[in-house]
Amino acid sequence: GNITIYQIKPKLITNMIRSSILLNLRCALLFILLESSVADIRLDGGELGWDTSAWRVQVDGVMGGRSSGYLKFEESNQIMKFTGNINLNGGGFSSVRRQYSDAKNLSEYSGIVVNVKTSASSLSSPPLGLHLQLHDSYTNWGFASAFAVPLSNDPDGQIASVYLPLTSFDRASRSGFQCNSSNCKLNTNSIDGMDVYVLFQEGGFDVNIESITAVTVKPNLTVPTVSFDSPSEVEKLLQSTKYEAKSLGEKNYHELCVAISKSFLESVSKASNGVSERVKCVARNSINASIPEDFTKPRACSLWRGSLASLLGDDANDSSNLEGCDELTSTEGNTVASFVIEKDTNTISSSEKENSASNVEVSKTGIVITPASMKDEVDTSSSLVDSSESMKSIMEKSPIESERNEIESERSEVDSRNEPESSGSKFSVQSLYILWLWGAAKLFFL
């Protein structure tokens, strides 16, 4: 038989190679897109409702306490309602807990969003601070992150969302004992349990949670808009929040101290009525102030308490204090924000004004608060220096810190407020493959 030899032109071979490379490139891109689109994980609640049989109540009776806790599910299992009373006589906590039969892998997630329903009477008391605690299958420790139920005066309550970075679950504890070792870290590959705690905030509580979800990307969240009847109502709530924050800090719950202080300031900064623009401005500056990375949790608590103190004062009606707010200058030449809560000067004594006074130095990187109680301890005559050094110096000299907290501060881990980095390392091999394919394609197309 005859043998036919077909001659393939070089141009055809080139086109075939080009097509093959482009096809591989498209497949690689599609693979990476599918791999990177990790869906949010429902930890409980949400559209499917709550796993009612998985939850149980645990109170401080195990350690001789007298607190109470009651659990029920409402609105067709759409709301987990946890109520009770915290009694500080012998204890001080109440909690609800659940276990997972199949451990959850949260290693590719940035944080957790808690959808919580606000209380209709929340403006009568400080924001309620809560611990959301996760457990992993590798250790006996629980790892908690603190948040506060936002304020609201909606009579029916409203759903508000709170975001907790996974990196913030760094308070390791077990049976009332805290682990301060750097080895105590949450293993996000195997989450097998979750708790919600109310801790050392005396009196009744009413917690209503709609859902708890692990998310890949931090969402854009806003706090509910509140309306105050008068500046005096704001001041009353501020004073009670200051007291609660101090009490929690003294009990070594610095994360809760920060959570309720920040939550109060966020509500004040967005208030629709009863709060002057000056107050909102200083509240926003306090929220946006940067905290040095080497600040320990006790010092962070002191800083946020100082931010609350900075809202108390007697000269908010001075129009010069409202000027700009980004450049608040004093006659001494320093950048100073004066006291801002509007008061009835006919009913406030001069001694009360002196006791509530604070100075706020606004620098390029943040706000340094010097409460009146620190004035004898801190030399304010020196020129403004770098905010990190100023804050560290003030907190070191602050009489607010007890000796126990000073000792604890040496052992506490640094509470970084940086946002978690997105996890993209898993795609490094695929990314290199795409670059190689792209380079090869360019060679053939040139």
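Cys-257 and Cys-301 form a disulfide, with 2.1 Å between their sulfur atoms; the term here covers any pair of cysteine sulfur atoms within 2.5 Å. The pair links distant parts of the chain, with Cys-257 in helix α3 (residues 254-269) and Cys-301 in helix α5 (residues 297-309), 44 residues apart. Helices (H or I, at least four residues) and strands (E, at least two) are DSSP runs, and they are numbered from the N terminus.

Before I go on, the ground rules. This is a predicted model, in which local features need pLDDT of at least 70 and side-chain atom pairs count only at pLDDT 80 or more, while totals for chains, interfaces and linings use all residues. Residues are numbered from 1 along each chain as its sequence is written, and side-chain values use heavy atoms, with hydrogens and water left out.

Back to the link between Cys-257 and Cys-301. The angle about its S-S bond is 90 degrees, and the link is right-handed. Are these two cysteines buried or exposed? Cys-257 counts as buried because its relative accessibility is 0%, and Cys-301 counts as buried because its value is 2%. For the cut-offs, buried is under 20% relative accessible area, exposed is over 50%, and partly exposed is in between, using a 1.4 Å probe and protein chains only.

How many disulfides does a search of the whole structure find? The search finds two. The other one I want to show joins Cys-179 to Cys-184, with an S to S distance of 1.8 Å. The torsion about the S-S bond of Cys-179 and Cys-184 is about 75 degrees, so this disulfide is right-handed. Cys-179 and Cys-184 are both buried. As a reminder, a disulfide is a covalent bond between the sulfur atoms of two cysteines.

While we are in helix α3, one more residue there. Ser-263 lies in helix α3. Ser-263 counts as buried because its relative accessible area is 6%. What does Ser-263 touch, leaving out residues up to four places away in sequence? Its contacts, meaning heavy atoms within 4.5 Å, are Pro-127, Ala-148, Val-149 and Pro-150.

Next, the salt bridges. A search of the whole structure finds eleven of them, each being a side-chain nitrogen of Lys or Arg within 4 Å of a carboxyl oxygen of Asp or Glu.

One pairs Asp-51 with Arg-98, and the closest N and O atoms are 3.0 Å apart. Asp-51 lies in the loop between β1 (41-45) and β2 (55-59), and Arg-98 lies in strand β5 (residues 93-104), so the pair ties together parts that are 47 residues apart in sequence. Asp-51 counts as partly exposed, because its relative accessibility is 30%. Arg-98 is buried, because its relative accessible area is 7%.

Another salt bridge runs from Asp-206 to Lys-81, at 3.0 Å, N to O. This pair also links distant parts of the chain: Asp-206 is in strand β13 (residues 203-215) and Lys-81 is in strand β4, 125 residues apart. Asp-206 is partly exposed, because its relative accessibility is 36%. Lys-81 is buried, because its relative accessible area is 15%.

Glu-75 lies in the loop between β3 and β4 and Lys-117 in strand β6 (residues 111-117), so the pair ties together parts that are 42 residues apart in sequence. Lys-117 counts as partly exposed because its relative accessibility is 22%.

What is phi of Glu-75? Phi is near 50 degrees, a positive value in a residue other than glycine. Glu-75 counts as partly exposed, because its relative accessibility is 47%.

Ser-76 is also placed in the loop between β3 and β4. Phi of Ser-76 is near 55 degrees, again positive in a residue other than glycine. Is Ser-76 buried or exposed? Ser-76 counts as exposed, because its relative accessibility is 70%.
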